[in-house]
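Dear colleague,

Please find the structure below, handed over for your review.

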Amino acid sequence: MSEQVKEFNEYRAKMNGVILGKDNLVIKRLFNLDTQTYSEGALNVKTKEMLGLVASMVLRCDDCIKYHLEKCKEQGCTTEEIYEIFAVANIVGGTIVIPHTRRGAEFWEELNK
């Protein structure tokens with residue numbers, strides 16, 4: 001695992017622990033709802049993660065993009081699939097998504113080292 005991927009995962013885990021440790025019911029429910037949304041259902045997990053990646057790119061959330069790229073990798077997405085996802089996100093979101101595509105491509109490269 002590359003240093004960039006390791007740092008992202010460690011920071012995310014640390015801060016999720018801090019946030020969830022405050023025992024706020026609404027935040028705990030939101031985190032749970034997020035987890036449940038991406039579980040197996042009428043759509044399989046891989047498809048849901050690919051949809052999450054497109055939405056994250058269009059919304060321009062770099063942390064979300066990294067998270068969903070890693071989940072897509074875990075679900076067996078290929079580089080060809082990822083770049084088709086990037087293409088859909090750029091068509092839907094417009095050229096403002098290009099910088100996020102660059103950072104997403106960089107993170108995907110790190111995931112594949």
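In this model, E10 forms a salt bridge with K6, their closest N and O atoms being 3.9 Å apart; the term denotes a side-chain nitrogen of Lys or Arg within 4 Å of a carboxyl oxygen of Asp or Glu. The model is predicted, so local features need pLDDT of at least 70 and side-chain atom pairs count only at pLDDT 80 or more, while totals for chains, interfaces and linings use all residues. Residues are numbered from 1 along each chain as its sequence is written, and side-chain values use heavy atoms, with hydrogens and water left out.

Both E10 and K6 lie in helix α1 (residues 3-21), four residues apart, about one turn of the helix; helices are DSSP runs of H or I with at least four residues, numbered from the N terminus.

The structure holds six salt bridges. Another of them joins K46 to E81, with the closest N and O atoms 3.1 Å apart. Because K46 belongs to helix α3 (residues 45-59) and E81 to helix α5 (residues 79-93), this pair ties together parts that are 35 residues apart in sequence.

Turning to the cysteines, there is one disulfide, defined as a pair of cysteine sulfur atoms within 2.5 Å. C61 and C64 form it, with their sulfur atoms 2.4 Å apart. The link of C61 and C64 is right-handed, with 65° about the S-S bond. C72 is in no disulfide, and the nearest cysteine sulfur, that of C77, is 4.0 Å away.

Yours sincerely

Conventions. Helix = DSSP H or I, 4+ residues; strand = E, 2+ residues; numbered from the N terminus.
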